[in-house]
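Try each one before reading its solution.

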Amino acid sequence: MASKREIEKRIALFDQIMKDVRVERILQDKQWGRQEHHPDRWARIFAEEYGEASKALLEGDLNGYREETIQAIAVLVAEIECLDRKVGEFEVELVPDSVTK
């Protein structure tokens, strides 16, 4: 079982990560404005962002990897914000008809 000190260190680390994500979300909104996309478009945006993170990792740039990963997480948060605003408006076909026929 983790000690109180270890738990406090993990909470502090988690809080810093969440702060970084919140800051990135604010920066994204300042740059792009509030985004309203269909879930399939959000998936493409996330894939692009995570692709940039993967590229940084392959180049051995751990600082860039962290920064790009924070950006990718912030994109996911933006998607969830959009989905929560649009509950019931999207009809997403999870399994295309062509697969089930």
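Predicted model: local features only at pLDDT ≥ 70, side-chain atom pairs only at ≥ 80, totals over all residues.

**Exercise 1.** Work out how the rings of Phe46 and Tyr50 are arranged.

*Solution.* First place the residues: both lie in helix α2, four residues apart, or about one turn of the helix. Next take the geometry, 5.9 Å centre to centre with 20 degrees between the planes. Planes under 30 degrees apart count as stacked, so Phe46 and Tyr50 form a stacked aromatic pair. The count of aromatic pairs comes to one.

**Exercise 2.** Find how helix α2 runs relative to helix α3.

*Solution.* Helix α2 covers residues 39-58 and helix α3 residues 62-85. They pack at an angle of about 170 degrees, their axes 7 Å apart. Angles over 145 degrees count as roughly antiparallel, so that is how α2 runs relative to α3. The residues of this contact comprise 16 nonpolar, three polar and four charged.

**Exercise 3.** Identify which residues make up the largest nonpolar core, and which element gives the largest share.

*Solution.* The five residues are Trp42, Ile45, Val75, Ala78 and Cys82. Both α2 and α3 give two or more of them, and α3 has the largest share with three. Leaving out residues up to four places away in sequence, Ile45 touches His37 and Val75.

Technical notes
Residues numbered from 1 in each chain as written. Heavy atoms only, no water. Axes fitted to C-alpha atoms, helices over the stretch in contact; angles between N-to-C directions. Parallel < 35°, antiparallel > 145°, perpendicular 65-115°, else oblique. Nonpolar A, V, L, I, M, F, W, Y, C, P; charged D, E, K, R; others polar. Core = buried A, V, L, I, M, F, W, Y, C linked by side-chain atoms within 4.5 Å. Buried < 20%, exposed > 50% of the residue type's maximum accessible area, 1.4 Å probe, protein only. Contact = heavy atoms within 4.5 Å. Phe/Tyr/Trp six-rings, centres within 6.5 Å; stacked < 30°, edge-to-face > 60°.
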